[in-house]
Amino acid sequence: MLIDSTSHPGTVKFKLNAVSLQTLKAGSDWDEELESGRSRAVLQNVATFRAALLIWGVGRTFVVAIRRSEEIRFRCVTNARKPQLRAEVWLMGARLAIALLVMTACVGGKAVAEPYHLIPGAVPLDAGPDGNTIVLDAPDGLIVFDTGRHPEHARAILDYAKARRRPIAAIVNSHWHLDHTTGNWDIRRDYPQVKVYASNAMQGALKTYLKQSRAETDAVLADPRTPPAERDQLLRGRAVIDHPERILPDHVVTRSGRMRIAGRLLEVHLAKFAATEGDVWIYDPRTRIVIAGDLVVALVPFLDTACAQGWAKALTEIAARPFRTLIPGHGQSMRPEDFRQWSKAYHNLLGCTQSDADEKVCIAGWDKDAAKFIDDAHKTYVDQALDYYIKKRLRAPEEQKRYCKPLA
Ligand SMILES: [Zn+2]
């Protein structure tokens, strides 16, 4: 469901040697880049002071306006000169208008603008999904978190960069699923200097899961009934499996820590054996956003390549960060209470599938717990996906063992 199948048993030659993998050594960039708590505290104090000054300024304008209106009313009663009064009324009106404009700008404008740009990934019912793309600004250019599957999604990322007149300096892939990595190739063609950060989990997947997907893809492509749109999607997926150097990272994330990417300091986390063998998620302490990749998928956890217990552990680690907004791998941004609800639904699902409860009970439990994340159009999709995941993954001990250790 998630990953294009592509195949050619026995003839797959992965050009892994062509890819230069630059492993980040322990203690190189990471801890040295720590911002001191003191400088962060100073920045927070400055922001608070500026907000207080703004509120005082707007409030003061209203107080002056009210006082002036009192004076004008008094002078009307005492028959002061009319032209002078008219000018003062105009002046007071202008002051009030400016105060209202400032307040509108604060409430509806920049002060509440999100500190990231989201290019939502679609989850169509008749084709593979695109993962969400999140773009962050950095001193050296843009950081693109996940690049989608379809060419239209990659085009939207490139169009955004061009509209912003900023180069794409870095890509971070949350995990190797092709709905998050295929667009790496489109971006690399336009920005050959781009640095790609990801775990090395794709190496094992190329020898196992993706190899099998490729075989299945060829079978589907050989069928003349396969519609052209699906054919295009499969060919695009097969092309990157055959040429993994197009999408593989040149900066391998091997552990969690602070890291400077394109000149911007971020907390980069590596969750081992979760949705895949290595999931990368980000916490930005400055803006307090979490970019979760497929560790959070609004509709339903995509468990194709998951180690269910490792995933639960990763959710606990995310919950420990003091974030304000979380952007999932698929679906809309979440507030902390939304994430807590989703995480609870995940843990309940796991508990249910580990009990003797009927599969239908577990599916109904998810539908209820995660109801606010499931739109009407995707209800059947969610139930069918869960039916598959419970049978083929969560209640398949051999599969769980397989995905809770390195793929090989
Ligand atoms: Zn995904």
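Predicted model: local features only at pLDDT ≥ 70, side-chain atom pairs only at ≥ 80, totals over all residues.
**Entry 1: L270**

I began with L270, which is partly exposed because 19 other C-beta atoms lie within 10 Å. For my own reference, a residue is buried if 20 or more other C-beta atoms lie within 10 Å of its own, exposed if 12 or fewer, and partly exposed in between, with C-beta atoms placed from the backbone. L270 is found in strand β9. Helices (H or I, at least four residues) and strands (E, at least two) are DSSP runs here, numbered from the N terminus.

I then listed what L270 touches, leaving aside neighbours within four places in sequence: S199, V253, R255, S256, G278 and V280. Two residues are in contact if their C-beta atoms, placed from the backbone, lie within 7 Å.

Residues are numbered from 1 along each chain as its sequence is written.

The pLDDT is the predictor's confidence in each residue, from 0 to 100. I found a chain mean of 84, with 75% of the residues at 70 or more. Over residues 1-42 the pLDDT is below 50, and this stretch has 80 contacts in the model beyond near neighbours in sequence.

**Entry 2: the chain as a whole**

I counted up the secondary structure and got 13 helices and twelve strands. Of the 408 residues, 35% count as buried. Among contacts with a separation of 6 or more, 73% come from residues 24 or more positions apart.

**Entry 3: the sheet that holds β9**

Which strands form the open sheet, and in what order? I read five strands in the order β8-β9-β10-β11-β12, with mixed pairing. Strands pair if DSSP finds at least two bridges between them. The edge strands are β8 (257-261) and β12 (325-330), each pairing on one side only. Neighbouring strands of this sheet are turned by 35° against each other on average, direction ignored. Axes are lines fitted to C-alpha atoms, for helices over the stretch in contact, and angles run from 0 to 180 degrees between N-to-C directions.

Helix α9 (residues 308-319) packs on this sheet and touches β9 (264-272), β10 and β11; its direction makes about 160° with that of β11. I also checked β10 (residues 278-284) against β11 (residues 289-297): they run antiparallel, joined by three bridges. Y283 has V290 in β11 as its bridge partner.

**Entry 4: a run of parallel strands**

Strand β4 (residues 141-145) pairs with β5 in the parallel sense over four bridges, and I143 has A170 in β5 as its bridge partner. Is β5 buried or exposed? Strand β5 (residues 168-172) is mostly covered, with five of its five residues buried.

Three bridges join β5 to β6 (residues 195-198), again in parallel. Here A170 is partnered by K195 and V172 by Y197. Strand β6 then pairs in parallel with β7 (residues 251-252) over two bridges, where A198 is partnered by V252.

I noted that β4, helix α3 (residues 151-164) and β5 make a right-handed β-α-β unit. Right-handed means that, with the strands pointing away from the viewer, the path from the first strand over the helix to the second runs clockwise.

**Entry 5: two positive phi values**

Most residues other than glycine have a negative phi. D146, in the loop between β4 and α3, has phi near 70°. D146 counts as buried because 32 C-beta neighbours lie inside 10 Å. A262, in the loop between β8 and β9, has phi near 50°. A262 is buried too, with 23 other C-beta atoms within 10 Å.

**Entry 6: helix α8**

Last, I looked at α8 (residues 228-242). This helix has 15 residues and reaches 21 Å from its first C-alpha to its last, close to the 21 Å expected at 1.5 Å a residue. The expected span is 1.5 Å times one less than the number of residues. Its buried residues are Q233, L234, R236, G237, R238, V240 and I241, and they pack against α4 (178-181), α5 (184-190) and α7 (209-222).
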